[in-house]
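The structure is shown first.

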Amino acid sequence: MGFKVAIIGRPNVGKSTLFNRLVGKKLALVDDTPGVTRDRRVHAAKLYDLHFDVIDTAGFEDAAASTLPGRMRQQTEIAIREADLIFFIVDAKSGLMPDDRTFAEVVRKSGKPVVLVANKAEARGAQGGMLEAWELGLGEPIPVSAEHGQGMPDLRDAVIAALGEERAFGEDEEASDEIAVSEVLIGEDIADPDAEPAYDDTKPLRIAVVGRPNAGKSTLINALIGEERLLTGPEAGITRDSISVDWDWRGRRIKLFDTAGMRRKSKVQEKLEKLSVQDGLRAIRFAEIVIIVLDATIPFEKQDLQIADLIIREGRAPVIAFNKWDLIDNPQELLAELREKTERLLPQVRGIQAVTVSAETGRGLDRLMDAVIKTHKVWNSRVSTGKLNRWLEGILAHHPPPAVAGRRLKIKYVTQAKTRPPGFVVSCSRPDVMPQSYVRYLSNSLREAFDMPGVPIRMALRTSDNPFAGRAKKR
């Protein structure tokens, strides 16, 4: 069985840089600003022939529990309890700080094996900081440069010495083979175009949770999984990294992605916030279902609609969660109003699943997950070519395409080319002049006929090749 390593240290010593180095991908946000990381992030990592899980943590700060730094410290303490081994990082370039000594004592009291890592060892004058690190009483400091990849062989040897060979090389069930989010292919087509396979409810499901700042995204994920896994609080913009959380719901494996709140582009000035938003956009692209969390007290702001439009253009399957429903005084009236607004403002995903929830009280969470599964089934659905063309016959008889420049447009057949989201190819004459209003009519009719509510539908027009084109004329 693999082991788990927590990377601990005060702010700005390079914890996330080392995390990215071990994982082999730039998953954690890295910036010169202290305190970028706030939530703890877990991922499969590799150090030569060692395979393990690594936990990136927030910078350890001495602060009251009620403050944001205090809540960040609590998350780090949870990581220490979960870990089998601790990488205690110090900055060899700047030398020891008072906080280093304070937190070295916390790590020592945990009783866990510790590897003291002196990062930024490539810097001029780092030798002095290396010598200072001995004062912590955590053993020999291992000089590394997380940014440049120096010192990794020594770090490997230190891990084996701390855990022992049997524990370090124990069987790692799936750690080394875990597929990173960025490597997952989305939208593969099913081989048989006429097949209508049964929905596979055993496959893992990837769900991203998005919305404006302070809509309650992290609180919602904590409520779903039943633990304080993500940092929450009254402050807007707490989440910065896109954090993934593994969860088991009714026997199904689910990976939840929490994302940073997305503000209007004109308001996003700081480089760090831009990085956070880009990280959130990546999470949307690699998710299957995207839960759009709206604050029920101020729903459907312009930014909410722009986020929804982005998700639809990316071809993901959206579900709306009207959060903070416990704060609403007139629920019945507001619910009717929200349903009307949803249909009017998001016509491109007619019939979208919208659920009222309260992340604070836990109300409506089962209904939300039922809506997620229902939408995911539609997003994966396939209709046979035979059924589609029988439907097309009725459409053409009832409402044929219009004439353009005096010539009637002809539609020959329709077939489904892909799923995730459902994509259809319509073979017709002169696709370049087909009115968009008629294409929308076909999409809406198809959505209604085959019960495909709430997901984007792609409709591509193609002309069939003329078999006689290019042949020489007979004399």
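Predicted model: local features only at pLDDT ≥ 70, side-chain atom pairs only at ≥ 80, totals over all residues.

## Salt bridges within helices

By how many helical turns are Arg 344 and Glu 340 separated in helix α10? The two residues are 4 apart in α10 (residues 331-345), and therefore about one helical turn separates them. Arg 344 and Glu 340 form a salt bridge whose closest N and O atoms are 2.8 Å apart. Arg 344 is partly exposed at 48% relative accessible area, and Glu 340 is likewise partly exposed, at 41%.

Helix α3 (residues 98-110) holds Glu 105 and Arg 108, which are 3 residues apart and hence separated by about one helical turn. Their side chains meet in a salt bridge with an N to O distance of 2.6 Å. Glu 105 counts as partly exposed at 36% relative accessibility; for Arg 108 the value is 36%, and this residue also counts as partly exposed.

## A salt bridge between elements

Arg 285 pairs with Glu 314 in a salt bridge, with 3.2 Å between the closest N and O atoms. Because Arg 285 belongs to helix α8 (residues 271-286) and Glu 314 to the loop between α9 (302-313) and β11 (317-323), the pair ties together parts 29 residues apart in sequence. The structure holds 16 salt bridges.

## Helix α5

The 12 residues of α5 (residues 152-163) should span 16 Å at 1.5 Å a residue, and the 17 Å between the end C-alpha atoms agrees with this. Among the buried residues of α5 are Leu 155, Arg 156 and Val 159. Arg 156 is also linked with Asp 49 and Asp 157 in a network of salt bridges. Gly 164, with a positive phi near 90°, follows α5.

Key: Residues numbered from 1 in each chain as written. Heavy atoms only, no water. Expected span 1.5 Å × (residues − 1). Buried < 20%, exposed > 50% of the residue type's maximum accessible area, 1.4 Å probe, protein only. Salt bridge = Lys/Arg side-chain N within 4 Å of Asp/Glu carboxyl O.
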